[in-house]
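Subject: The two-chain model and what was found in it

Dear colleague,

I am handing over the structure we spoke about, and I would be grateful if you could look through it with the notes below beside you. Please open it before you read on.

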Amino acid sequence: MGENGNLIRTIDLWKTYEMGAEQVHALRGVTLEIGTNEYVAIMGPSGSGKSTLMNLIGCLDTPTSGEYYLNEKRVSEMDDDELAAIRNKEVGFVFQTFNLLPRATALHNVELPLIYNGTPLQERLAKAKAALEQVELADRMHHRPNELSGGQRQRVAIARALVNNPSILLADEPTGNLDSATGSEIMSLFDRLHQQGNTIIVVTHERDIVAHAHRAIHLLDGRIARDEPRIEDRG
Amino acid sequence: MSIWEAAKVALESLRANKLRSFLTLLGIIIGITAIIAVISIINGLNLYIAEKVANLGSNVFVVQKFGIITSHDQWMDAVKRNKDLKLEDARAIQDRCRNCEAVGVEVHTYEDVKYGNQTVEEVGIGGITANILPLENYEVDLGRALSEFDVDHARYVAFMGADVGENLFPHTDPLGKQVRIGRTKFTIVGLGKKRGSVFGQSRDNYAKIPLSTFQKIYGSRRSVNITVKARSQQVMDEAEDEARVILRARHHLRYNAEDDFGIVSSQGINDLWKDLTEKIFVVAIFVVGISLVVGGIVIMNIMLVSVIERTREIGIRKAVGARQPDILRQFLIESVILCCAGGAIGIALAFLVSYGLSKATPLPSSFPLWAPPFAFAVCTLIGVFFGIHPARKAAHLDPIEALRAE
Ligand SMILES: Nc1ncnc2c1ncn2[C@@H]1O[C@H](COP(=O)(O)OP(=O)(O)OP(=O)(O)O)[C@@H](O)[C@H]1O
Ligand SMILES: [Mg+2]
């Protein structure tokens, strides 16, 4: 796989929910490719399937039909535990609601992915601290989530997403629960992470956030309505 | 996730809600307390029996009209069937049993014993041959034991238990004093060493007098107990068989008739005791088993609640890469630790119960060292057995749905 090889490749992804007799098609055939070190914004109205697509890309969910390759591995056919291993190794997920363990310290929250891949304690602590430093929270590592501001919590979540050096960083409305100042703080953090070589996919409603990205994918009713590559924007 | 971290999580949720934890663990606590208390008591009784009741000596047995009888039916049969044992029966054993070293005879009754205006009521009076005292491990504290000479000449002398001595002669030397046993005067020649009590029953409330004297006073119609010492422990069974054959011949029993007498040996007492404690144990296990099962079900319930309450946590863990076995292990460890916490409290309570019982009642009890590990093993089993269902439920949660939970 080359420098801009296809990190992510989906072919005709469908996701259908059975609601009693009714069928809800959250995705209706999404085919897309995303390369290494791309910075992609996914947009679209509420209910258009953005979160559903992110969950599939993040291996949190499996498609009803279609194929999904991550790093040339066919993820769409994997079972629960194989997916867990992929999530652990390849994916860093940042949620709108942070999803931190409320009773654990920032440090322990960041350690969590390393615990599940059997990293030895010393190395684990070192990596977790390094990740917290990367988001400029080294001085808060022994605080619990309820002792941190919203922006700080989201940064802890980002540190957790980064700690295992994943292939992709996924963020589903990461600024949705933050005020605009804190939101742009988080976005400039994403910019920096992108410059360091990370592949980033962000779901967002906010236009000025999209400006950070180099490609915007618009979803409508579970289909890709527009796909705007904006690589030329970058100097 | 290491065992240690799961333990920390479990202990923290225990601490966070003390009352609920206590109620949750009540069944386990009661079960473990009960089982260990029962084990302690049986263990204590075992030591006690070994030490005191069965101190006949390993090569001594006693032939009695009624041996050890354990049921009403047995008793009814024995009353109909068994014959009085006579002095001649003892002589026959003495003459013909080749594996028997010594044969002693004792007859029992109860009398008040008086000195001046002091009375000790209901003293066990034993008419004995001189060799009974050494055979049954009576030791001399003051004066001397009864002698062959006393028995041969039917002298009016008595060897008394420590209780009788203390009560009648609190301040004076009892030796040489004359006491009344019933209506007959006896001279005290010796006092026995204290033998202590069994189940609150003193074993020092006796007066031994010569068999011949006893028979002069009370007649010779009473059934006697025959105490036999085998030549060695190895020939104990043979000696018992010989005595049995000799008595059966004297009593003209047919080959298929049951013995019309009983033989008691320390082995026999021990066997009986074992049988009894096994029965107690089975009942106790049954009762305790029920409370442990109830305790286990409560634990399962609380773990199910915990899984629901922590659905989101499970979702987070899965999202960052926890596999099903990781989650399963976490919740199993948690339920095992929950149970073991109950077990630990139970062990502490049982220790107190066992200590209190041995202080406050004549019931002896001894807390066995293997009880705590045993209790923890039981708790681990319960924790795994009743924790597996909630843990599997947690492990199989869908990550997306779990994350969406409130
Ligand atoms: N578990 C589910 N069961 C049934 N329908 C679902 C489920 N999850 C999502 N959907 C439906 O799928 C469609 C897409 O949902 P999705 O959450 O992907 O939208 P979204 O683009 O993320 O919207 P928003 O911007 O509001 O977050 C919606 O119509 C939603 O109702
Ligand atoms: Mg969404």
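What follows goes through the contact between the chains, then the salt bridges, and then the cysteines.

Please keep in mind that this is a predicted model, in which local features need pLDDT of at least 70 and side-chain atom pairs count only at pLDDT 80 or more, while totals for chains, interfaces and linings use all residues. Residues are numbered from 1 along each chain as its sequence is written, chains are lettered from A and ligands numbered from 1 in the order in which they are written, and side-chain values use heavy atoms, with hydrogens and water left out.

**Where the chains meet**

Taking contact to mean heavy atoms within 4.5 Å, 21 residues of chain B are in contact with 22 residues of chain A. Together the two chains bury about 2,100 Å², of which 53% is on carbon and sulfur atoms; buried area here is the accessible area (1.4 Å probe) that two parts lose on being put together, summed over both. Of the area that chain B buries against chain A, 26% is supplied by Ile316(B), Val320(B) and Ile400(B), which is more than any other three residues supply.

Eight residue pairs, both at pLDDT 80 or more, are in polar contact across this interface. A polar contact is a pair of N or O atoms within 3.5 Å; within protein, one atom must be able to donate a hydrogen and the other to accept it, and residues adjacent in sequence count only if both atoms are side-chain atoms. On the side of chain B that touches chain A, at least two residues each come from helix H1 (3-16), helix H11 (311-319), helix H12 (324-360) and helix H14 (399-404) of chain B, where helices (H or I, at least four residues) and strands (E, at least two) are DSSP runs numbered from the N terminus. H11(B) gives the most to that side, with six residues. By class, the side of chain B that touches chain A has nine nonpolar, three polar and nine charged residues, and the classes count Ala, Val, Leu, Ile, Met, Phe, Trp, Tyr, Cys and Pro as nonpolar, Asp, Glu, Lys and Arg as charged, and the others, Gly among them, as polar.

**Salt bridges**

A salt bridge is a side-chain nitrogen of Lys or Arg within 4 Å of a carboxyl oxygen of Asp or Glu, and the structure holds 32 of them over all chains. Between chain B and chain A the count is one: Lys318(B) pairs with Asp80(A), with the closest N and O atoms 3.5 Å apart. This pair runs from Asp80(A) in helix H2 (residues 80-90) of chain A to Lys318(B) in helix H11 of chain B.

How exposed or buried are the two partners? Buried means under 20% relative accessible area, exposed over 50%, and partly exposed in between (1.4 Å probe, protein chains only). Asp80(A) is partly exposed, with a relative accessible area of 30%, whereas Lys318(B) is buried, at 1%.

Within chain A, Lys89(A) forms a salt bridge with Glu90(A), the closest N and O atoms being 3.6 Å apart; Lys89(A) is exposed at 51% relative accessibility, while Glu90(A) is buried at 6%.

In chain B, Asp241(B), Arg244(B), Arg248(B) and Asp259(B) are linked in a network of salt bridges. Arg248(B) is found in helix H9 (residues 236-250) of chain B and is buried, with a relative accessible area of 15%. The side chain of Arg248(B) also reaches the backbone oxygen of Ala257(B) at 2.8 Å.

**Cysteines**

With a disulfide taken as a pair of cysteine sulfur atoms within 2.5 Å, the count comes to one over all chains. Cys97(B) and Cys100(B) form this disulfide, with their sulfur atoms 2.0 Å apart, and both residues are buried. The torsion about their S-S bond is about 70 degrees, so the disulfide is right-handed. Cys339(B), by contrast, is in no disulfide, and the nearest cysteine sulfur, that of Cys379(B), is 6.0 Å away. Cys339(B) is buried, with a relative accessible area of 0%.

With best wishes
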